[in-house]
Structures are given as C-alpha cells and as structure tokens.
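Visitor: I am new to this structure and would like to learn how to read a strand and its surroundings. Please show me.

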Amino acid sequence: MNKLEKPLPNDVAGPKARHGTTEVMVGNVAVGGGAPIVVQSMTNTDTADVAGTVAQIAALSRAGSELVRITVDRDEAAAAVPHIRDALRKRGITTPLIGDFHYIGHKLLAEHPACAEALDKYRINPGNVGFKNKRDSQFTDIVEIAIRNNKPVRIGANWGSLDQELLTKLMEDNAKSPEPLDARAVTREAMVQSALLSAARAEEIGLAKNRMILSAKVSAVQDLIAVYRELAARSDYAIHLGLTEAGMGSKGIVASSAALGILLQDGIGDTIRISLTPEPGGDRTLEVQVAQELLQTMGFRTFVPLVAACPGCGRTTSTTFQELARSIQDFIRDEMPAWKTQYPGVEALNVAVMGCIVNGPGESKHANIGISLPGTGEAPAAPVFVDGKKFRTLRGPTIAADFKALVIDYIDQRYGTGAKPTAAE
C-alpha cells in the first residue's frame with residue numbers, strides 16, 4: 001500500500017514523564033522533582049593537588065558541568081577540599097562539589113569538619129562503606145554527619161564493589177528456589193536491593209528522602225537498563241544515571257548513549273554522567289560535551305547551537321564543508337560561556353553546513369541559517385538560507401569565511417541587545 005495503515009502515535013517523539021518525583025537540592029542545583037536533567041562530571045586529579053584540581057574543575061564547569069565530583073580518599077585530600085572550594089569561589093565558580101568516599105569516608109568526614117562543610121553532597125557506596133559488624137555504624141556516622149551539615153547523599157551501588165554479604169544471601173536463597181534465576185539476574189537484584197535497603201536505613205537514621213539520590217551503576221548496557229528500570233519501578237527517589245567503566249573513545253560514547261538514551265526515554269534519570277576513559281593526555285571535558293549532546297539530541301535540554309552537517313559522499317570530494325562545519329562548531333562551543341549572557345537564547349540556534357545540492361538546500365531551509373556548498377562538478381556557488389528563505393549566494397575562495405561572518409551577524413541581530421524579530425518570527 002502507498003498509504004499509512006494507521007496514524008503514528010502522538011507520543012512518538014516525546015519521552016515519558018520524569019521519574020524522580022522528589023527534588024533534591026545540591027548546592028544551588030535542583031535534581032529531580034521535574035527539574036531539568038543535570039549534567040555532572042568527575043575530576044581525575046589528585047585532590048590533594050589544590051591548584052591542579054581547581055584548574056580541572058574550572059575547565060569542567062566552563063564546559064557546562066553542573067555538578068563536579070572529586071575523590072576524597074585520604075587526609076591530605078580531605079584537608080584540601082575547603083581550599084579548593086574557596087579558590088573556585090574567588091574565580092566566581094559556584095558549581096557544587098561532591099565528595100566521593102569509599103572505605104574510610106566516616107573517618108575523613110569526622111576528622112575534617114571543614115571538608116564536610118565545604119562539600120555540597122557526599123557520595124557513598126553501600127558495598128564498601130564498612131564491612132561485617134562495622135557496616136551499620138560507619139554508614140550511620142556518615143549519614144549523621146550529612147544531617148548535621150544539611151548535605152544530601154548519593155547512595156551509589158556499583159557492580160564492581162557490590163555488598164558481598166547481600167549478594168551471598170540472595171544467591172543462597174535463589175539456590176533453594178524451585179525456579180532459580182541465573183546468577184546475573186540475582187546480581188542485578190542485589191544491586192537494586194543494596195541501594196533501596198541503604199536508602200531505607202538512611203531514612204530511619206533521619207535523612208529525609210529529599211536529601212537522597214540513588215544510583216546502581218554497572219558496565220554492561222543491558223544489565224544497566226534492567227537494573228535501573230527495576231530501581232525506578234520500586235522507588236521515587238531522584239536517580240543518577242551512568243554506565244560505569246564505559247570505556248575509551250567511540251566505544252564508551254556509544255555504550256553510554258545507548259544505555260542512557262533508552263532509560264531517559266523511559267523517563268528514568270534526573271542527573272547523568274558519561275564515564276569515559278580519557279585518551280592519554282586527553283581532554284577531561286569530553287565527558288561533559290557527550291552528556292550535553294546526548295540530552296540535546298534527544299530533546300531534553302538545549303546547551304549549544306546545533307550544527308547539522310553532511311556526512312560526505314562521492315559528490316563531495318572537497319573538504320570545504322567538513323572544515324567549515326568543524327570551524328563553526330568549535331567556534332560556537334568556545335564562545336558559548338560568554339554568549340550565555342551576551343546572547344540569551346542563542347543555544348536554540350540551528351546551523352546547517354551541507355556539501356552538495358541533493359539535500360543541501362532542503363536542510364539549509366530547515367535551519368535558522370544554512371549553506372549548501374558546491375559538490376564535485378557543481379557550479380562554484382553556495383546559496384545561503386536564513387529562516388527558510390534564500391538570503392544570498394556566496395562565491396569565490398572566501399566562501400567559508402564569508403559564511404562564518406554571516407553566522408556571527410545573524411546571532412548578533414537575532415539574540416543581541418535590541419535584537420529585531422527575524423522573518424520566521
């Protein structure tokens with residue numbers, strides 16, 4: 001048949017309602033409760049190195065990270081935290097800081113009260129907060145310190161450091177079942193129970209639900225989806241999403257995007273981190289950029305103007321469109337920190353840089369401003385479209401520079417002080 005058998009569903013392009021109905025304030029940032037999904041990141045500096053850690057947090061914040069987590073693993077790191085906070089505030093950076101605690105968090109927070117006060121949130125792992133008879137007392141110590149300092153806590157279960165006592169008990173119970181599950185399913189259940197039982201215990205101690213965020217991070221995509229769907233079905237806490245040990249380069253980006261994209265579309269997740277392994281000497285801010293691009297591509301948030309670009313084919317043997325697309329995209333991202341105040345709303349801008357006449361004019365018309373560069377064998381002319389209408393045709397060796405100037409002029413006219421309505425408005 002040449003017609004649709006039935007109409008497309010009305011919600012085909014939209015996500016389900018957000019999961020976390022409980023709003024948690026982390027410093028000046030709201031997580032859950034209908035707030036926008038929050039992007040967070042983590043440093044990989046030695047926290048005891050105040051200058052190095054401040055520099056990396058500043059870079060992550062400038063890139064758009066709305067929460068930054070730092071490792072607090074020993075006395076020197078804990079002692080450095082208030083100095084890091086103060087140095088950031090002197091730079092005008094108010095991004096909330098999260099302390100990542102394992103094994104001796106109770107000791108560090110108790111012995112370094114300035115650290116406990118300076119942090120905006122504590123992250124603890126129920127799998128290693130304490131062992132055997134010390135587990136409950138050390139967990140209680142951290143929760144009580146959080147209550148005294150009015151700090152929220154992320155209870156973050158992790159596949160690689162799961163509560164072994166809980167896992168052993170569930171495995172033993174499963175073995176006695178007339179229809180036992182496979183070991184992987186039992187491990188997923190242990191992850192969910194670890195987070196939920198710890199949250200329930202924290203509430204018993206006196207930590208309010210609106211001071212808790214839960215996570216249950218694993219490194220395999222299908223396991224992550226299964227664990228978080230179950231966690232969301234059995235609670236209404238704010239939830240942090242992340243594929244732990246996602247990997248390096250395209251593997252880490254693809255795996256994280258596949259897992260988190262499905263969960264976000266299901267309405268699960270209130271804050272996310274893309275846990276990429278950086279290339280040696282690589283830029284730590286890449287994880288922030290990927291998180292933003294995931295949320296923006298899916299339509300949840302708008303961070304930077306989008307640049308649609310042709311992938312290239314045999315019709316586009318010139319690299320002009322590639323170089324121009326990269327130049328404009330890099331220029332926009334570099335300028336965004338300043339543009340946020342100079343050009344309110346500019347993050348909604350759409351730019352198209354296309355390589356030939358097949359899809360070039362059409363894509364350019366859909367963008368706010370777009371260019372269709374000449375492909376192989378085409379006349380050396382590049383029509384520019386503004387708000388769906390042909391605006392000008394560029395020719396000659398300065399096409400790329402001329403179009404970049406038009407983009408800058410468009411931004412200034414549409415989003416600058418005293419901006420005039422465009423044809424599309």
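Guide: Buried means under 20% relative accessible area, exposed over 50%, and partly exposed in between (1.4 Å probe, protein chains only). This is a predicted model, where local features need pLDDT of at least 70, side-chain atom pairs count only at pLDDT 80 or more, and totals for chains, interfaces and linings use all residues. Residues are numbered from 1 along each chain as its sequence is written, and side-chain values use heavy atoms, with hydrogens and water left out.

Visitor: Which residues point one way from E8, and which the other way?

Guide: Helices (H or I, at least four residues) and strands (E, at least two) are DSSP runs, numbered from the N terminus. From E8, Met212, Leu214 and Ala216 point one way, while Ile213, Ser215 and Lys217 point the other way, and all are buried. Since six of the six residues of E8 (residues 212-217) are buried, the strand is largely enclosed by the rest of the structure.

Visitor: In what sense do E7 and E8 pair, and over how many bridges?

Guide: Two strands pair if DSSP finds at least two bridges between them. Strand E7 (residues 153-158) pairs with E8 in the parallel sense over six bridges, and Ile155 stands opposite Leu214. E8 also pairs with E9 (residues 238-241) in the parallel sense, over two bridges; there Leu214 stands opposite Ile239.

Visitor: What do E8, H8 and E9 make?

Guide: A crossover is right-handed if, with the strands pointing away from the viewer, the path from the first strand over the helix to the second runs clockwise. E8, helix H8 (residues 221-233) and E9 make a right-handed β-α-β unit.
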